[in-house]
Amino acid sequence: MKHPTENQSALPGRDGDQRGIARRDFLKLAGAGTVAAAVASTAVAHAVSGALEVREDVFPKGGPESTVVSLCGMCPQRCSMMVREIGERAVSVKGNPLDPANRGGLCPVGLAILQLVYNPDRVRTPMLREGDANAPRWREISWAEAIALIKSRLEAIRSGPGAHTVAAIGGGTSELAGLMMARFLRAFGSANFIADESAQPSHGQNLTQSISGRVAYDFENSRYILSFAAPLLESWMSPVRQMRDIADFRAGWLGERGKLVQIESRLSTTAAKADEWIRVNPGTEGVLALGIAGVLVRYQLYDAGFVKEHVAGFEYGPEQKSARGLREVVLQDYDPAKVAAITGVSSEVIVRLAHEFAQMRPALAVPPGARPGRQDNGFLEAAVQTLNALSGVIDKPGGVLVSREPPLAAWAPIKPQPDEAKQPPLRSASELAAAAEGGHPYLPSAVFILGTNPLFGSSPIRPEVLERIPFKVSFTTLLDETAAHADLVLPDCTSLERWEIRTAVPGYALTSVGVGSPAIAPRYGSSPAAQVILDLAKAMGGDVAGALAWSDPGQALKEMLVGLHDAAHGEIFSERFRREYTRPEMRAWGWPADTSLKRDEFVELAVARGGWVDPRYSFGDYASVLKTKSGKFEMPELLGSAPPLIAARPGYPLDLNFFQPLALMSTMGANLPYLQEVAGAPEDWPWDSYIEINPATAAALGIEDGDWVIAQSPTAQVELQAHVYAGAMPNVVNIPLGQGHTALGHWASGRGVNPLKLLPVGGGPVTVRIVKR
Amino acid sequence: MGQAMPRWGMVIDLDRCSGCRGCVVACKQENNIAPSTQEQAQSSRMISWMNVITVVDGDYPDAKLRLLPMLCQQCENPPCVRVCPVGATQKSSQGIVGQIYPRCIGCRYCASACPYQVKYFNWSPPSWPREFEQSLNPSVSVRPKGVIEKCTFCVQRLQRARDQAAFEGRKVRSEGEYVPACVESCPAKAMYFGDLDDHSTEVAHLVRDTRAFRVMDELGTEPNIIYLKEST
């Protein structure tokens, strides 16, 4: 691990531009003894003046100042940001106040984006791997060679195993590249574009409403939020939007102060800022949700009208003796005393929460999304959505909504390819992993990885899975763990160097489109993935070239924006919207659109302002939000079976909990020094991993704050510092995610530990023991 | 309209703040603060004009955690100014406590005198990887080794606003025209900035809130940073 040393000019400068004499070089020269005294005196003078004078020589060339509206690419929310430029360099970013999702705010991750743009560890040229993944040697090749190589491999696949065996994964933070890649694959003959699904906890809606993705929570119009360990003020779906809306919600901007209740074992940032923190045994949150549901049912505190009309599976008549409806399940299995014994939350509190939930309307229950190391995800999400159905807030103001697709113009239809119909497409990362491992329905013959790093997280795509795919191409800005296993690495741009589009804000119902234009030219020999796909299509010729005939990605993007003009409702981001969007009538009728703009004027204005928004939302549109066969909200059957509880293994008495600090939620964040400085949450713990231990638990183990300890699971162990934290539950230890990279760059690599390696292969729950090092 | 000179001040609403540390990063980017190393962070030599202080009270299950954004309190009666032997730290006519780097002799008296511990000494020369120099803000100088540095309320932004106002033959507006970087991008909109002496501003309205307090007010420092405590 190397760090920037004290001397400016001793730093690794890869631009080939050597400036001044490094102190180290000077000492070497002086040691040789043949150097003229003049050189020595210059170097000494330099060193002395460096210590005493305000240095202005570090500033690169100036130039005219300007501001460009780009999109952040650090997380799936992708805030609209204004980039301040001096000449050709970007010097700061701020939130675009006109973007309805971030309203001028940015989180620390977005604010640190320039450290990614100018990161010294950026991939600078296409690289071909030689040797195996564990000891890779990289050969630098030209862009023309890279395109020719992909072309020849794809042509060989088309005449061999078939075009349908090619797959691509990612696009979560580069939507335009994702759309291009999906289209490229379709034109080539494959339907295997797998979108990055990490930011979408929609499992519950999938079970109950048959809705996947586009699930939204209307926090700003809610009065009571019951969060089941959802990190709402940390790394949940769209952090900036949530921070703003929950601040407004709690401040009572609609007249009455809202109440946020955080149900979690750990005193997280969200728990600290919540109005009430309910300490629950980890992994039993779903049981608590059903306990609250039981009280709602017993005291008839639920929305009977909604349940009668729109809910299936609540109770069955005497003719269906075999099945138990939810009513029976919660009354029989989840009485408060029993739930209290499992969850550690007293029955009085359970009853009180249920009454608050019923009285402070609209009341909303929120699930955490997938949590590594927990097996209760499906159960918990189903239980939480059950509460929302009982509260009757499905598709109502302050409730659970489904965001609508914006009326973007579709690109011209493409000619169907015969290969595509041959086999069923792979629809998820786990299907891709299964296909690679089992060869069924077919072995993927090539995979394109776009701006995602599955090998670092808890994805089913593991190194040995990837090794089975013969040709792996990674588009990436930093050489991450996944790219290190690729055969070909292509340097991708950051979002400030490319055209970008955002068609949805995760978790936010407001229909909007964000547009980002390139603020600066692609640096260090990188090229936007979308542009590379166009170049590749051109080289491929035939139907593929025909389907992607744009000169550049901006042209393709602008073609989509024309649909917003033609829709004749909604509006380009404006001050007016900023002032008025909160008014309920806006949601009912929106505005009359400004029809005076011609198509191209409209597109240019939308690009300049950063996007378009339509505040209308038709509540209670159950035909659109309840997509189940019955057309109703279906109580999931899995709630009828026993809850998946974790029992501690003998010898491993401590429950293990992971949490994701906001600063390290981006896949690239760990290689940004400003983010390393604010890593750790809620307390700063810069530049390293740590394990939170309750003071009593630590005392019993003889551990003090700052001690080095070893956390052992039955299959693995990690070494890290102990943080004795009064906000950790006794016998539950918490480790932050985001550190422990083995690649990515010199700030990230080898720093801290990746605690996910404590989990058994394939996930599953784990308990640990802690020993002092 | 009030007095001749504005009294720039900030209100931080802890009820809205979510402790995300966006302000910390925004400040570093705006003010050319060099990235630290792990060694500097561990020896408390990391420079961070804006910080989020965390205080844990009590034991589980009654533990409470408070998050407090902490920056120079821009005191009306700043102890750091009184102890400086060379007049390097001074209060400007606009109410901003500034540091004149070429004048500073690095004695660190001010750092000891500051009850808020928001004056930072440059133990080593600032250093950036060459690539990061591209994103340096040309409006802010880079501080050498051996001097104290601190929050300036982004005075470069005030200067710019004053230039613009002078060009248009008017005064700088009491709010909205001049905003420090930390306030500008706060995602929870927990920070407000403006002229405390102009009663039409939001900050002047908020300081009269019953939740308003100043940190260590009993010392008589009279901070121009006013916090609003969390509601219940």
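Trainee: What makes A:E155 and A:K151 a salt bridge?

Mentor: Good place to start, and keep in mind that this is a predicted model. The closest N and O atoms of A:E155 and A:K151 are 3.9 Å apart. The rule asks for a Lys or Arg side-chain nitrogen within 4 Å of an Asp or Glu carboxyl oxygen, so the pair qualifies.

Trainee: How far apart are A:E155 and A:K151 in helix α5 of chain A?

Mentor: They sit 4 residues apart in helix α5 (residues 143–159), and are therefore separated by about one helical turn.

Trainee: Why is A:E155 called partly exposed?

Mentor: Its relative accessibility is 34%. Buried needs under 20% and exposed needs over 50%, so a value in between is called partly exposed. A:K151 gets the same label because its relative accessibility is 25%.

Trainee: What makes A:R223 and A:E256 a link between distant parts of the chain?

Mentor: Their salt bridge has its closest N and O atoms 3.3 Å apart. A:R223 is in the loop between β8 (215–217) and β9 (224–228) of chain A, while A:E256 is in the loop between α8 and β10 (259–263), 33 residues apart. A:R223 is partly exposed, with a relative accessible area of 22%.

Trainee: Which residue forms a salt bridge with A:D303?

Mentor: That is A:K396, with the closest N and O atoms 3.7 Å apart. A:K396 is partly exposed, because its relative accessible area is 29%.

Trainee: How many salt bridges are found over all chains?

Mentor: The search of the whole structure gives 63. Some are joined up: A:R103, A:E220, A:R241, A:R244, A:D245, A:D248 and B:R16 are linked in a network.

Trainee: How do you know that chain A and chain B form an interface?

Mentor: Contact here means heavy atoms within 4.5 Å, and by that test 82 residues of chain A are in contact with 68 residues of chain B. The size of an interface is often given as the accessible area lost when the parts come together. For chain A and chain B that comes to about 6,300 Å², with 55% of it on carbon and sulfur atoms.

Trainee: What polar features does the rule find across the interface of chain A and chain B?

Mentor: There are 26 residue pairs in polar contact, both residues at pLDDT 80 or more. The rule also finds 10 salt bridges across this interface. B:D15 forms a salt bridge with A:R250, with the closest N and O atoms 3.4 Å apart; that is within 4 Å, so the label holds. Elements of chain A that each supply at least two residues to the side touching chain B include α2 (37–52), β2 (80–86), β3 (89–95) and α8 (239–251). That side divides into 43 nonpolar, 15 polar and 24 charged residues.

Trainee: With which side chain does the side chain of A:D376 make a polar contact?

Mentor: With that of A:R371, at 3.3 Å. Beyond residues up to four places away in sequence, A:D376 touches A:G283, A:E285, A:R371 and A:P644.

Trainee: How do you know whether A:L557 is buried or exposed?

Mentor: Its relative accessible area is 0%, so A:L557 is buried. A:L557 is found in helix α21 (residues 553–567) of chain A. Among its contacts beyond four places in sequence are A:L176, A:W499 and A:V515.

Trainee: Which residues have the most contacts inside the largest nonpolar core?

Mentor: They are A:L226, A:F228, A:L387, A:L390, B:M10 and B:F153, in a core of 194 residues. Helix α10 (residues 285–298) of chain A gives the most to this core, with 9 residues.

Notes
Residues numbered from 1 in each chain as written. Chains lettered and ligands numbered in written order. Predicted model: local features only at pLDDT ≥ 70, side-chain atom pairs only at ≥ 80, totals over all residues. Heavy atoms only, no water. Buried area = accessible area lost by both parts, 1.4 Å probe. Polar contact = N/O pair within 3.5 Å; in protein donor to acceptor, adjacent residues only side chain to side chain. Nonpolar A, V, L, I, M, F, W, Y, C, P; charged D, E, K, R; others polar. Core = buried A, V, L, I, M, F, W, Y, C linked by side-chain atoms within 4.5 Å. Buried < 20%, exposed > 50% of the residue type's maximum accessible area, 1.4 Å probe, protein only.
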